[in-house]
Amino acid sequence: MSKIVVTGRIPEVAVERLRAEHEVDAWSAAEAISREELLARVAGADALLTLLTERVDAELLNAAGPQLKVVANVAVGYDNVDVPACTARGIIATNTPGVLTEATADVAFALILMATRRTGEGERVIRSGQPWKWGMFYLLGSGLQGKTLGVVGMGGIGQATARRARAFGMDVIYQSRSELAPEVAAELGARRVELDELLATADVVSLHCPYSPATHHLIGAEQFAAMRDSAYLVNTARGPIVDEAALADALRDGQIAGAGLDVYEHEPQVHPGLLELDNVALLPHLGSATVETRTAMANLAADNALAVLAGTQPPTPIEK
Ligand code: GLV
Ligand code: GLV
């Protein structure tokens with residue numbers, strides 16, 4: 001029997017599966033665990049199930065101790081995990097790819113529609129009690145049909161977003177480290193381009209790349225200047241890929257038409273300049289937030305932890 005520490009609330013079915021085989025210490029309070037509490041609790045753990053709000057660094061791994069075998073992040077993005085520090089200690093780090101692809105693409109598309117059709121703005125008008133009435137030129141947005149979606153980072157979520165764009169009658173271009181398989185490119189009608197061309201061409205730019213030092217502020221003042229003034233930016237990936245202060249400037253100065261964000265540079269803070277603007281739709285990081293998806297993520301993280309503790313290959317290690 002091993003000791004598993006679960007650092008935040010996750011769906012109970014996954015906790016029960018862990019409990020069936022091991023001793024489980026699961027943080028169950030509604031508020032996130034404090035760093036001090038976390039460092040104390042992980043001592044002696046053989047496995048950690050972690051949330052994206054926890055920093056898994058050398059300090060935390062050392063606090064756990066040399067018996068720690070697996071860090072199972074309950075997220076696809078793993079910028080919160082120091083993977084080299086895990087590898088150096090012989091700890092296997094895992095994430096949850098695949099299971100949140102459709103849910104996140106749904107929210108990317110929701111943001112595309114919120115930004116281009118000004119639906120958040122419209123909802124705010126009603127709730128504010130301001131008078132309103134139908135008008136030929138009232139809250140006019142921008143249609144998507146015949147427009148071009150530019151996908152930055154064509155992994156599972158980028159492809160799922162592109163598939164939705166096709167159904168809306170959009171053309172798709174993408175920038176990615178690797179070329180799509182020919183049959184997938186054909187299905188999506190997607191053409192691979194350099195980032196410069198994508199920014200200059202796309203009517204909607206949607207970010208789906210991982211966050212790493214290489215993508216820090218990938219989209220900043222220079223990139224906003226390169227975009228069309230009628231274009232929109234959507235970010236459901238990670239906040240720091242976008243220079244948020246530069247985004248606020250670009251939106252205020254009309255360098256781009258609008259934006260939709262689910263993630264923030266200094267989460268949960270939102271740049272105050274963005275809060276003042278009507279042409280940006282703001283959601284509180286809920287890309288994967290469906291009952292089905294969160295359950296699947298927790299179960300996949302549990303599968304990963306249980307596999308490593310049983311001495312077998314985990315289904316989704318970060319480094320293959
Ligand atoms: C959510 O943001 C995730 O990376 O799973
Ligand atoms: C991400 O691209 C995924 O496969 O979930």
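In helix α7, seen here in a predicted model, Ile157, Gly158, Gln159, Ala160, Thr161, Ala162 and Ala165 are buried (20 or more other C-beta atoms within 10 Å of the residue's own, with C-beta atoms placed from the backbone). These buried residues pack against α5 (101–117), β6 (148–152), β7 (171–175), α8 (182–188), β8 (190–192) and β9 (204–207). Helices (H or I, at least four residues) and strands (E, at least two) are DSSP runs, numbered from the N terminus.

Helix α7 covers residues 156–167. Just after α7, Gly169 adopts a positive phi of about 80°.

An unreviewed UniProt entry places the feature "domain: D-isomer specific 2-hydroxyacid dehydrogenase NAD-binding" at residues 109–287. Such annotations may be inferred rather than shown by experiment. Over residues 109–287, the chain is 36% helix and 16% strand. The end C-alpha atoms of this stretch are 10 Å apart.

The domain assignment gives domain 1 (3–99 + 291–309) and domain 2 (101–282). Its bounds come from an automatic or database assignment. The contact between them takes 5 residues from domain 1 and 7 residues from domain 2 (C-beta atoms, placed from the backbone, within 7 Å). The C-alpha centres of the two domains lie 31 Å apart.

Residues are numbered from 1 along each chain as its sequence is written, and chains are lettered from A and ligands numbered from 1 in the order in which they are written. Local features need pLDDT of at least 70 and side-chain atom pairs count only at pLDDT 80 or more, while totals for chains, interfaces and linings use all residues.

Conventions
Expected span 1.5 Å × (residues − 1). Buried ≥ 20, exposed ≤ 12 C-beta atoms within 10 Å, placed from the backbone. Contact = placed C-beta atoms within 7 Å.
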